[in-house]
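Open the model in your viewer and keep the selection tool ready. The stops below go residue by residue.

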Amino acid sequence: MVLKIRLARFGRRNAPFYNIVVAHARTARNDRPLEVLGTYDPIPKPDPYDNSGRLHKDIKLDTLRTKYWIGVGAQPTDTMWRLLSMLGIVEPKYRNTDPRTPPPLPGQPRDTKPQAPQ
Amino acid sequence: MPPRLLIPSASAAAAASAVTRSTLPLNVNQLISLLRSQTKANFSTTSNRTHFSKGRRLFRQWIKGFGATFRKHVPGDTNYLRRNDFDSKSDKPFPINPQFRSEPVLDDHARELIWEKVMRNGEAIKAVSAELGVDIRRVAAIVRLKEVEKDWLAKGQILAKPYAKAILAMLPTHTFKADQRNEPFEPINELHVHPYTMKQIFWPTSESRHFTRADAAKAFHPKMLSADERVPHPELIQMEKEVLEGHSLWDASERFKQAVMESERRAAQKEIEKASIEEKYTTRVHTKRFEYRFKQINSENVGSKGRARNAVGWRYGAPHYDRSKGEIKIPTSVP
């Protein structure tokens, strides 16, 4: 567990911007890393000329290099694990624990209250 | 602290005493001025002038004489000051600043016409620009703003039409008529002076040979494009060349319209290709709240010293330029 794939925080106060980096685990957060693999902007943004309210998060990642580092034993942090699991590079750690509601039958009104599993 | 003079009562008393000393009964004007002075608000601490100064006297003479023409504004015409009747109506709104020239502005009918030509009739922006004599960037801006305006109207947003009408009535305006020969609004095929062309060069060339603009560009720099290629409307230059060769104006203008459509189609195609390449390297993952867009990059594109300008990642050790002067901190292009 010497190497970690983690986020180095930059940006401004209340406006973070992260570098996705490979670094030794015991170094400071913003120290010079072994390699910068990409960036992660946690603040969701709308598309220009889109009034629907849909937001997206921009992440840049070198997947080839990330797979190499994972292959030689770098450990991603929780947030990085979540992002990498979205790409399928690692298995997701946390499953969706919301109570399961069956989809509404066609013709019936949608019931928004979650029902107990039967 | 300046002495607090009870101006209304003082003036009222003075007026009253003046009135009683002068003829009775009061005429209407004196009565009105007396009533006005008695109802004035007593909040000003500035003391009254002690005498009727020369400046005020001259102004009174002017506003009763020549200045009376400026009291009423004729809509559709400017109302800028001029010295006397013999001076023609100029485009200088500030007499002591002759460098400030009021440029004509396109009125709403002209803007509506441009929007209709581009969005309804589907004409190319370059074609509309060449026909009406409006710069390409201005045509594009008019179309964008008109789209915003129509979007607002569709959403029921109230527009400030009386304000716009009033302001437009005070400025020199330029209008267009559909399907008629119109006066050009501004020069459209202007070129910025390129720094490479500011160099003084002695280029020996034989007198018997033609020396064209392309040769001149090569003389300035081997990779420089000629003026014919750098200009905003190269199709117009081609049209003029065809007319000089002897083709009819109609044929040349038809070919111009086709060339312009083709150039616009090519530009749109380039945009689509760029977007599709971006899409090829993007993975979209939808969660309940947001969409995550993962873009593939090469982390090794950092330049020979690791400081490439377009390398990915926030720079380590670079300062924030938030308070530095001269930095452009607003968007410089439309998304």
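Select Phe10(A): at 12% relative accessibility it counts as buried, where buried means under 20% relative accessible area, exposed over 50% and partly exposed in between, with a 1.4 Å probe and protein chains only. This is a predicted model, in which local features need pLDDT of at least 70, side-chain atom pairs count only at pLDDT 80 or more, and totals for chains, interfaces and linings use all residues. Residues are numbered from 1 along each chain as its sequence is written, chains are lettered from A and ligands numbered from 1 in the order in which they are written, and side-chain values use heavy atoms, with hydrogens and water left out.

The rings of Phe10(A) and Trp314(B) have centres 6.1 Å apart and planes at 10 degrees, so they are stacked. Phe10(A) is in strand β1 (residues 3-12) of chain A and Trp314(B) in the segment after β4 (291-296) of chain B, so this pair joins two chains; strands are DSSP runs of E, at least two residues, and helices runs of H or I, at least four, numbered from the N terminus.

Next, select Phe59(B) and Trp62(B), a tilted pair with 6.2 Å centre to centre and 35 degrees between the planes. They are three residues apart in helix α3 (residues 54-64) of chain B, so about one helical turn separates them. Phe59(B) is partly exposed at 47%.

Conventions:
Rings of Phe, Tyr and Trp (its six-membered ring) pair if their centres lie within 6.5 Å; planes under 30 degrees apart count as stacked, over 60 as edge-to-face and the rest as tilted.
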